[in-house]
Each structure stands twice: as C-alpha cells, then as structure tokens.
Amino acid sequence: MERPYILHLFTPGAQASPFDVNMAADAGYQVIVPYCGVAPDAIAGLTQDAIFSRGPKGVARTGIFIGGRDVIVAADMLERSRKAMVPPFVVSVFADPSGSYTTAAALVAATETALRRRHDTGLDGKRVVLLGGTGPVGRIAAVLCAQLGATALISSHKGAAAAESAAAETGRRFGVSLQGVSGQDGAHLRTTLAEAEVVMGVAAAGVQVMSPEDRAAATRMLVAADVNAVPPEGLAGVGVMDDAKPLEGTAAVGIGALAIGNVKYQVQHRLLMRMREAERPVAFGFAEAFSMAREVLAEKSS
C-alpha cells in the first residue's frame, strides 16, 4: 500500500487556520493534523516524532507547516524544526503565520512590479510607509522592502513608541534597519505621507488608515497598495479589484486586496505543491515566498 501524504500543522495559537487546512488539502495532502498551543520549546520533539515514525521513504511523504500569528516565533520555530532533523530523516517545512509570509510577499512583489511597469523604477531608494504596520503582514513587508533597498517606516495608530518597538524588534531579528513613526493623529500621518513614495495599507480588516484628506498630502506617492478586502477600503480610492489602476487625483497607481490576494493564493498553493512533490526536503519562509510571488507575476505579464 502506498503511504499517504501527511502534513503536520503546528501552531502556537488556540486553533489552526481553516484556510491553511483547505490549502493543504487542495495541494494534495491526504492527512492533515493540526497541533494547537505548540510552544517553541516543543517543536524539536514534535518534529522528531514526525520523522522517526515513517522511515526514510515515509519522510518523503511527510511535511510540516508552521502557523500562528507571530512572525518572529514562526521564524524561530522553522529554524528549530530544521535543526531537530537527523539525516536521512529530514522532511520539508513551510512557515506562514496567519498567511503573513505569503501575503507580504505578494504585496511587495506586486508593488515592485507596478513601480517598474508604471514608473520605470524599483523599490531601491524609495520611502515606503506601512500604515498599520505593527501586525504580521506589515512587519514582513517592511523587512522585504528594506532588503530591496527601501527605507521602510512602520506606522502605528497607537503612536511612535509602539511603532518604534515593533520596528526595532523586527529589524533586529531579521537583520535589517526599520523605522517606526506615529500614525496616531492626522498631523503626524500627513507629515509622514508627504515624503512617501509607496504607501502600503496593512492594518486590520475594515479599518481605513488613509482618508481622502490624508491621500491629498501624499504628493510624491507612486504606488498605493492595500491588503484590506473589508469595507471601507484601507487606503481611500483603492478598490479591491484594482491592479495598478491610476489613482484619481494623483500620479500613483492603486493595487487592491483581491489583486494581491490572488497572487498570495497562488504562492501558498505552489509552495505547498512544491513541498509535497519535492524529491529532496525543502524549507520555505518569506524569502522563498517572495521569489515565488515574483515568478507568479512574471508569468502573468508574459
């Protein structure tokens, strides 16, 4: 009898995401088992339970998915899982907490593509403001932008201290320089937007973080990209279906949540498929998700 494809889904949270379970099933995993409340210290033992029970042939049909909400904890768990493996007992691992790695990858890749096609430039040297940026997607998007040479500013409605704390913690963990700025009131926000060339709306669903009046202050803006699919739009004037659509009254183009979400979906699906089909074990984090997002967008334009 052929061994089934098994995916062990580890999350520090109280429950696994139904989204991730659906995605894994659609990628061909036949047995998907969630493990909730998994602490980072437990990941090594769980990994070794998963690898030693199936033999060298069985591990080729075994995968580990790491969820949760904390992007730093997920990165640590990915590293601990990889270090716990003992060749030839090695399985593939994929971390995507709250979909943040794949969503941030799609967001940044779509922004990069729009800059090149619409403005003949890239993210290198650009000033990127991430509104609501202390959450999972905002933190990873900021890291990716910084890695591409941008100045990434994490903005928080809770004020400068919260933003600076998130920027320092995230930058230190992933080896980049990030800045924190206050989005607590209109004056601070508009001062920040006045110097922004890229604005990313990465706040909670249904929260507008850039009003029409705020947008008027962003006179240098080239791209406005919004991951919020729940009304009202996170960035005023950016529709959920917009795909590098000119933003009225500005020189910018808008990228909406469903345009970004379509890329995110394809990235997660392809990485799960690649993990299941790989002849040799693979490990996927946000860097690999970003490479895949670029690949998806390149295919779209060809």
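Tutor: In helix 4, Val 71, Ile 72, Ala 75, Asp 76 and Glu 79 meet Glu 169, Thr 170, Arg 173 and Phe 174 of helix 7, where contact means heavy atoms within 4.5 Å, and helices (H or I, at least four residues) and strands (E, at least two) are DSSP runs numbered from the N terminus. By class, this contact of helix 4 with helix 7 has four nonpolar, one polar and four charged residues, with Ala, Val, Leu, Ile, Met, Phe, Trp, Tyr, Cys and Pro counted as nonpolar, Asp, Glu, Lys and Arg as charged, and the others, Gly among them, as polar. This is a predicted model, in which local features need pLDDT of at least 70 and side-chain atom pairs count only at pLDDT 80 or more, while totals for chains, interfaces and linings use all residues. Residues are numbered from 1 along each chain as its sequence is written, and side-chain values use heavy atoms, with hydrogens and water left out.

The axes of helix 4 (residues 71-84) and helix 7 (residues 160-174) come within 10 Å and cross at roughly 20°; axes are lines fitted to C-alpha atoms, for helices over the stretch in contact, and angles run from 0 to 180 degrees between N-to-C directions. That makes helix 4 roughly parallel to helix 7, a label for angles under 35 degrees, as against roughly antiparallel over 145, roughly perpendicular from 65 to 115 and oblique for the rest.

Beyond helix 4, Pro 88 lies in the loop between helix 4 and strand 4, and a cis peptide bond, with omega about 5°, joins Pro 87 and Pro 88.

The structure holds six aromatic pairs, defined by ring centres of Phe, Tyr and Trp (its six-membered ring) within 6.5 Å, with planes under 30 degrees apart called stacked, over 60 edge-to-face and the rest tilted. The rings of Phe 65 and Phe 94 have centres 5.2 Å apart and planes at 75°, so the pair is edge-to-face. Phe 65 lies in strand 3 and Phe 94 in strand 4 (residues 92-95), so the pair ties together parts that are 29 residues apart in sequence.
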